[in-house]
Amino acid sequence: MTSKQRAYLKSLASNLKPVFQVGKASLTPELTAAIEETFNKNELVKIAVLKNCADDPNEIAEMVAGRTHSQVVQVIGKRIVLYKPDRDKPKIVLPR
């Protein structure tokens with residue numbers, strides 16, 4: 001992903017509200033499955049890491065991206081934005 005594409009996705013994600021929250025239990029298999037299912041409907045997902053989560057948001061972002069085969073767009077503070085294009089009909093057209 002180029003920096004121009006990443007910037008475009010960041011601009012789209014700025015208006016999104018977090019769909020999931022990672023709390024004290026950290027990243028559970030159920031949460032990972034729910035995020036994977038959300039990628040079937042949305043290509044861009046924002047996740048909030050709560051204060052009571054002991055894990056680093058950067059590590060959580062990398063784990064979720066690896067398990068869901070998505071890409072980390074950004075991690076700002078305790079907010080994570082992930083992108084996974086739809087295989088058949090992508091809704092978001094990335095700039096070249």
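1. Strand β4 (residues 79-83) runs antiparallel to β2 (44-49), and five bridges join the two; strands here are DSSP runs of E with at least two residues, helices being runs of H or I with at least four, numbered from the N terminus, and two strands pair if DSSP finds at least two bridges between them. Within this pairing, Leu44 has Tyr83 of β4 as its bridge partner.

2. The model is a predicted one, in which local features need pLDDT of at least 70 and side-chain atom pairs count only at pLDDT 80 or more, while totals for chains, interfaces and linings use all residues. Residues are numbered from 1 along each chain as its sequence is written, and side-chain values use heavy atoms, with hydrogens and water left out.

3. β2 also pairs with β1 (residues 20-22), in the parallel sense and over three bridges, with Phe20 standing opposite Ile47.

4. Six of the six residues of β2 are buried, that is, under 20% relative accessible area with a 1.4 Å probe and protein chains only. Leu44, Lys46 and Ala48 point one way from the strand, whereas Val45, Ile47 and Val49 point the other way.

5. Glu43, in the loop between α2 (29-38) and β2, is buried yet has no salt bridge, the nearest side chain of opposite charge being Lys91 at 6.5 Å; a salt bridge requires a side-chain nitrogen of Lys or Arg within 4 Å of a carboxyl oxygen of Asp or Glu, and for charge Lys and Arg count as positive and Asp and Glu as negative, with His and the chain ends not counted. A polar atom of the Glu43 side chain does lie 2.7 Å from the backbone nitrogen of Ile92.

Methods
Buried < 20%, exposed > 50% of the residue type's maximum accessible area, 1.4 Å probe, protein only. Polar contact = N/O pair within 3.5 Å; in protein donor to acceptor, adjacent residues only side chain to side chain.
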